[in-house]
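The following note is written for a reader who is new to protein structures. Please consult the sequence and the model while going through the numbered points.

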Amino acid sequence: MTASRRSRSGFRLVWRRVLPLAFLALLVGSLVFYWRHQRQLNRYVRRVYASFISPHLTGRERTPLLAGYSVHGIDVSAYQGRIDWGQVAGHKVRFAFIKATEGVTLHDARFKRNWQGAQAAGIYRGAYHYFQPNYDATRQASLFTRTVPLAPGDLPPVLDVEHAEFHDVAQMRRGVATWLRLVERHYGVRPILYSNYSFYKRHLAGHFDKYPLWLAHYEVESPVLPREKWIIWQHSDEAYVPGIRGTVDFNVFQGNFQRLLALRIPPRGRSARAN
């Protein structure tokens, strides 16, 4: 046997030994990576699938209501497109928060029709503002109050705080406090603060405890925060509700229907805090 043939034979022998070990290492590494990031990966796969099937949706798809809660609701924006609010109400949706404004100039293109449609369908409605931390909070509050005609019987205003790009956390908190204070003064009712779990724990916890909390926390059986810390739980951002073609955020209210009614803006002359 020549030296070159012995060399080739030895290389093939080493390769046959190394290849199974490399494959095993790759398999183990992949399983470990999936175990650590399975929630994010599963969400990504579901999002890709939802995008693939979206052209074929009918608007009649439905996600089962979350067990253990009696009051269910959604939150919507122009992203959901045209909504058949009568069908939405037929899926036992009792409340809806509707995007009104964002930053200092943006009006949601479908706010007015959603605002009117929800009320016509008998769904208790509220409005929210998406907070941009790097813009003036007073102007943001003014944009919201000029846009949203909250009246007795409506749900309190909501400030959505989750934008991760800001220059200084103390400045961001001051802006949030300013918006909440000005909007409460305008409507005479304490606003609700909305945020996702990680952002809330990192930047807001302990600073706005007097405001009711609407918490977004997905892929969990129940929120990690104690029940006395929150009043609404957004448990999914990829639900299907008849009347909406595509996905929508799904929420539950902590309490029965009478407690939801007590949360509404009271008739003029009565204190909101009396409820």
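This is a predicted model: local features need pLDDT of at least 70, side-chain atom pairs count only at pLDDT 80 or more; totals for chains, interfaces and linings use all residues.

**Note on the model**

1. Helix H3 (residues 111–120) has Phe111, Asn114, Trp115, Gly117 and Ala118 as buried residues. Buried means under 20% relative accessible area, exposed means over 50%, and partly exposed lies in between (1.4 Å probe, protein chains only). Helices (H or I, at least four residues) and strands (E, at least two) are DSSP runs, numbered from the N terminus. The cover over the buried residues of H3 includes E1, helix H2 (85–90), strand E2 (93–102), strand E4 (124–130) and helix H4 (137–147). After H3 comes glycine 122, with a positive phi near 80 degrees.

2. Residues are numbered from 1 along each chain as its sequence is written, and side-chain values use heavy atoms, with hydrogens and water left out.

3. The chain as a whole contains 7 helices and 9 strands. Of its 275 residues, 44% count as buried. Among contacts (heavy atoms within 4.5 Å) between residues at least 6 apart in sequence, 65% join residues at least 24 apart. The chain exposes about 15,600 Å², of which carbon and sulfur atoms supply 54%; accessible areas come from the Shrake-Rupley method with a 1.4 Å probe, and for residues only the protein chains shown count as cover.

4. Which strands pair with E9? Two strands pair if DSSP finds at least two bridges between them. Strand E1 (residues 72–76) runs antiparallel to E9 and is joined to E9 by 4 bridges; here glycine 73 has asparagine 251 as its bridge partner. Strand E8 (residues 232–239) also pairs with E9 in the antiparallel sense, over 5 bridges, and alanine 239 stands opposite valine 248.

5. Strand E9 (residues 248–253) is mostly covered, with 6 of its 6 residues buried. Aspartate 249 lies in this strand and counts as buried because its relative accessibility is 17%. Leaving aside residues up to four places away in sequence, aspartate 249 touches Gly73, Ile74, Asp75, Gln234, Ser236 and Asp237.

6. How do helix H5 (residues 169–187) and helix H6 (residues 197–204) cross? Their axes come within 11 Å and cross at roughly 105 degrees. Axes are lines fitted to C-alpha atoms, for helices over the stretch in contact, and angles run from 0 to 180 degrees between N-to-C directions. H5 and H6 are therefore roughly perpendicular to each other, a term that covers angles of 65 to 115 degrees. In this contact, Val169, Met172 and Arg173 of H5 meet Phe199, Arg202, His203 and Leu204 of H6.

7. Serine 70 is found in the loop between helix H1 (3–53) and E1. Is serine 70 buried or exposed? Serine 70 counts as exposed because its relative accessibility is 52%. Apart from residues up to four places away in sequence, serine 70 touches Gly255 and Asn256.

8. Most residues other than glycine have a negative phi. Lysine 92, in the loop between H2 and E2, has a positive phi near 65 degrees and is exposed, with a relative accessible area of 57%. Glutamate 219, in the loop between strand E7 (213–216) and E8, has a positive phi near 60 degrees and counts as partly exposed at 30% relative accessibility.

How values were computed:
Angles under 35 degrees count as roughly parallel, over 145 as roughly antiparallel, 65 to 115 as roughly perpendicular and the rest as oblique.
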